[in-house]
Structure formats: structure tokens, C-alpha cells
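Colleague: Please put the model up, and then we can go through it piece by piece.

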Amino acid sequence: MTNDRKTAGFPKPEFSAPDFPAPDLSVCIAGVRLKNPVIAASGTFGYGREYRGFLDVSALGGICTKGLTLRPRPGNRGTRLHETPSGLLNSIGLENPGIPAFLEKELPALRELGPVVIANLSGSTPEEYAEGARLLDASPIDMIELNISCPNVKAGGMAFGLDSEAAASVVGQVRRAAGSKPLVVKLSPNAPDLAAVARSCAAAGADALSLVNTFKAMAIDIHKRKPVFDMVSAGLSGPAIRPIALRMVWELGEILDLPLIGMGGIAVPGDALEFLLAGAVAVQVGSATFAHPPTMMETIRGIEDYMREKGFSTLGELSIRQKNKQKNRP
Ligand SMILES: Cc1cc2nc3c(=O)[nH]c(=O)nc-3n(C[C@H](O)[C@H](O)[C@H](O)COP(=O)(O)O)c2cc1C
């Protein structure tokens, strides 16, 4: 993934104003407190332990697991990752050990790391989602992120995130199956009417929404004269999608009162700040971690420096959208 901000004309933002007292970076999402708003995005951080040698994993606000399904999945055949200018195409196909094996073999070590644990739940049918949710509900995870937006599977996945009725049905079933856990629903930017899907997720019991998952896209190998991916299309992430993801967060913030977790192409602190200023309560970082593992550490520090420089003491003061709303009130 090519993401050299210097050559692209975007110098890395530098904030330094050490004179203010330490700002409070903590955030509360659906009753769960994160020590800061930076979360490792699903599918890009394994189960946390894989990155222990690369960054201080305990300093993160949260870790989202790889997409989990009731039964183990081997994932897709053929090419799974393909770089593009400023982006990354993936077609992993939800490879995972299945929820029972995750709970037994991965969760104890993940819990020990310290950050809030968010289980990313996927499935092929509403019943499979609900059965997975029941297992997670009885486990010591902190939150469920319901993935109705994976573009890389043949059945289920994104299909539930494109249509408001299908989304409401699966969100409702998972809500009932996992009554004790906060429920974040992860939306697809490929939905023809994202606002309608978001509204129906809220009505069906979502406590928060996260967006965006990857954009459906493709690449062709001109020498082999065939699509790069066996499934033809794949999901695009990385800096290429950031301005579109930001616009979607902004627009949903205008119509919904639910907490929004923003993501898509965050690579430097200023990117995360854009989402927070747009009204997101937290952010997730995905593809950038592959290119530069310390990205999330630098993002946490950059947010803190920015808050000191501007004299903000809490994250809640960052959103310009809320201010606009207040300004517009009679
Ligand atoms: C290799 C890879 C695997 C992913 N796997 C999942 C997944 O299992 N579940 C999910 O909800 N999102 C998954 N995503 C999407 C990311 O969590 C994130 O929504 C998306 O990549 C946009 O953020 P980014 O531009 O910072 O990567 C995956 C992304 C990548 C690049």
C-alpha cells in the first residue's frame, strides 16, 4: 500500500503544546469504558498477541477480533491480499477457528492484554449469527461487533448489511440472543441507502454503529488475463477510502443519536482526528497497521497532543458536528 504522505503533499501533522494538564482520552461506549478511543480493526490485528513484539498492545483502547463464525472457516482460496495505490484489496473469506475454539484457545490470552475486547461476529444465516451470539453472551468478552458487511463470502456477510429489512432481522435476533452484551453493528459502505440500514439497526437494538467495512472492488492481472481474486471482487481498505468513510460518518451523525465508531484509511493522527471532529466517539485502525505497526500508538499520542494544543480536556469536546447542532438550535 503506497501511503507516503510527504510525497502525496500531506505532511505528517505535528502537535506539541505540553503546557496544559493531561487531557482525558477515555470514552464510554454503551456502558463500556475504553482508556482511549483507538481500537484495532477486525481482521487486521489477529487476536492481539501476534503484535506483542511490535507495539505496546496494552496501551490500545480496544481490540476487535478477526470475524468469528459459529463453525471454523478455512477462508478463501487463491490470492487474498493485493496492494493498490493508497489502498489494499482483501479477500480473506473470514478464516477463523470458530467461536468455541476462540473462546477456549484465544480469549484467555486476549483478555490478559488489557484493552477492551470486542468480538467481531459473522455468519451465513440469522440463526447462525444468533447461535454465535449466545456463546459470546456467556463469555467474558466486553462487546459484540456484529459484522453485516463482509464483502468476501458467498452466503450471508454483506448481504445482511445492504438491505434495511435483512439488517433489522439479524440485528434483532442477535440482540435477543446476546442480551447482556453491548452491541455494535458494523455497516457496509456498499449499501445503496446507508441511512435506511443504519436507522433500522438502531430500531432493532444496536447500541452503537461502526463504519465502514471495505468497499467492493476488484483488480485484473493483465498478464494472466484474469481477475486477481478467485471470487472476482474483493474489499478495498486503506487511505483511498478515507474521505468517503468520513463523509458517511458525518452524514449518519446528522440523523442518528447512536455512538458512531469511525474507520477507513486512518494512517496518521490527523486522520483519526477528522473522524473524531466529525462526531465519531472512537476510531478503528486497520490496514495502516500492516504498513506501519506503531500507527495506533502514534495516533493515541497525536490525539493527546492535539487536545493539549487546543486546550481540550475531554474527547467529547472535539466534535464540530455537535457544536453545529447546538449552534443551529433555536
Ligand atoms: C485483511 C483484512 C481483513 C479484514 N477482516 C475483517 C473481518 O473479519 N471482519 C470485519 O468486520 N472487518 C474486516 N476487515 C475490515 C476492517 O476491519 C476495516 O473495516 C476496513 O479495513 C477499513 O479500515 P482500514 O482502511 O483502516 O483498513 C478486514 C480488513 C482487512 C484489510
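Colleague: Let me start with a detail: is Val-232 buried or exposed?

Modeller: Val-232 is exposed, because 12 other C-beta atoms lie within 10 Å; the cut-offs are 20 or more such atoms within 10 Å for buried, 12 or fewer for exposed and partly exposed in between, with C-beta atoms placed from the backbone. Bear in mind that this is a predicted model, in which local features need pLDDT of at least 70 and side-chain atom pairs count only at pLDDT 80 or more, while totals for chains, interfaces and linings use all residues. Residues are numbered from 1 along each chain as its sequence is written.

Colleague: And where is Val-232, and what is its phi?

Modeller: Val-232 sits in the loop between strand S13 (226–227) and strand S14 (233–237), and its phi is near 70 degrees, a positive value in a residue other than glycine. Helices (H or I, at least four residues) and strands (E, at least two) are DSSP runs, numbered from the N terminus.

Colleague: What about Leu-94, buried or exposed?

Modeller: Leu-94 also has a positive phi, near 55 degrees, and lies in the loop between strand S6 (87–90) and helix H1 (99–113), but Leu-94 is buried, since 23 other C-beta atoms are within 10 Å.

Colleague: Which peptide bond is cis?

Modeller: The bond from Leu-211 to Val-212 is cis, with omega near 15 degrees, and Val-212 belongs to the loop between strand S10 (208–211) and strand S11 (215–218).

Colleague: Changing topic, how many helices and strands are there?

Modeller: The protein chain has 10 helices and 16 strands, and buried residues make up 50% of its 330 residues.

Colleague: Which residues touch the most other members of the largest nonpolar core?

Modeller: Those are Ile-39, Leu-209 and Val-283, in a core of 95 residues, where a nonpolar core means buried Ala, Val, Leu, Ile, Met, Phe, Trp, Tyr and Cys residues joined through C-beta atoms within 7 Å. The largest share of this core, 6 residues, comes from helix H4 (residues 164–177).

Colleague: How does H4 pack with H2?

Modeller: Helix H2 (residues 126–137) and H4 pack at about 30 degrees with their axes 8 Å apart, where axes are lines fitted to C-alpha atoms, for helices over the stretch in contact, and angles run from 0 to 180 degrees between N-to-C directions. H2 is therefore roughly parallel to H4, as angles under 35 degrees count as roughly parallel, over 145 as roughly antiparallel, 65 to 115 as roughly perpendicular and the rest as oblique. Among the residues that meet are Tyr-129 and Ala-133 in H2 and Val-170 and Val-174 in H4.

Colleague: And how are H5 and H6 oriented to each other?

Modeller: Helix H5 (residues 194–203) and helix H6 (residues 242–255) pack at about 50 degrees with axes 11 Å apart, so H5 and H6 are oblique to each other. The contact includes Leu-194 and Ala-198 of H5 with Met-248 and Leu-252 of H6.

Colleague: Last one, where is Ile-144?

Modeller: Ile-144 is in strand S8 (residues 143–147) and counts as buried because it has 26 C-beta neighbours inside 10 Å. The C-alpha atoms of Ile-144 and Leu-183 are separated by 5.1 Å, although these residues are 39 apart along the chain.

Methods:
Two residues are in contact if their C-beta atoms, placed from the backbone, lie within 7 Å.
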